[in-house]
Amino acid sequence: MSVIDHIELPVADAEASRRFYEAALAPLGLSLVVSIDPARTAHGGARHGFGRDGYPSLWFHAETGRRLPVHVAFTARDRKAVDAFHGMALSHGGSDNGAPGVRERYHPNYYAAYVLDPDGNNIEAVCQTE
C-alpha cells in the first residue's frame, strides 16, 4: 500500500496539463480517471484526476497566482517505460530536464528521466531495478 493517498497540484492551464499528463503518464500505466467541471469546484477551475485501477491519486487544478515548482517522481515498471515517458512528455509540451539514464549518485540501478511540465514542475519517471 502506498504511503500517499493522493497529491494535488495547482496549474496555470488545466486543459494543457491534462493533455500533457495524459501522454506523459500513459507509459507508466497512469490515465485520466475523472475530470470535474469548473462549476463544481471550490476554486472555480477545472480539476483532473489521474491514477491506476480507477482511483485518482494525482490531481491537477487550474489556479491563478504565484506557484513554486514541485518535484514529483513516478515509479516505472521498467527502463523502457522511463524512456517512453521521456519521449511522450517531450512530444506533448514538456522540456528536457535530464535524459533517461542511470543516476549512480543515488545508486547503480537508479534509472530515471526528468522533464519540466508546462508549469515548470520537475517530473521524473524512475525504475530502481535492473
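Helices (H or I, at least four residues) and strands (E, at least two) are DSSP runs, numbered from the N terminus. The model is predicted: local features need pLDDT of at least 70, side-chain atom pairs count only at pLDDT 80 or more, and totals for chains, interfaces and linings use all residues. Residues are numbered from 1 along each chain as its sequence is written, and side-chain values use heavy atoms, with hydrogens and water left out.

**View 1. Asp78 sits in the loop between β5 (71-75) and α2 (79-91).** Asp78 counts as partly exposed because its relative accessibility is 37%. The classes are buried (under 20% relative accessible area), exposed (over 50%) and partly exposed in between, with a 1.4 Å probe and protein chains only. Ala125 is 47 residues from Asp78 along the chain. The C-alpha atoms of Asp78 and Ala125 are separated by 9.9 Å.

**View 2. Strands β2 (residues 31-36) and β3 (residues 47-52) run antiparallel.** Five bridges join β2 to β3. Two strands pair if DSSP finds at least two bridges between them. Ser35 has His48 of β3 as its bridge partner.

**View 3. Strand β3 also pairs with β4 (residues 55-62).** The sense is antiparallel, over six bridges. Gly49 has its bridge partner in β4, namely Trp59. In a regular strand the side chains alternate between the two faces of the sheet.

**View 4. Asp53 belongs to the hairpin of β3 and β4.** Two residues lie between the strands of this hairpin. Asp53 takes a positive phi near 55°.

View 5. Along the sequence, the pattern reads β-α-β-β-β-β-α-β-β-β. The C-alpha trace spans about 50 × 30 × 25 Å along its principal axes.

**View 6. Burial and contacts are given for the chain.** Of the 130 residues, 40% count as buried. Contact means heavy atoms within 4.5 Å. Among contacts between residues at least 6 apart in sequence, 51% join residues at least 24 apart.
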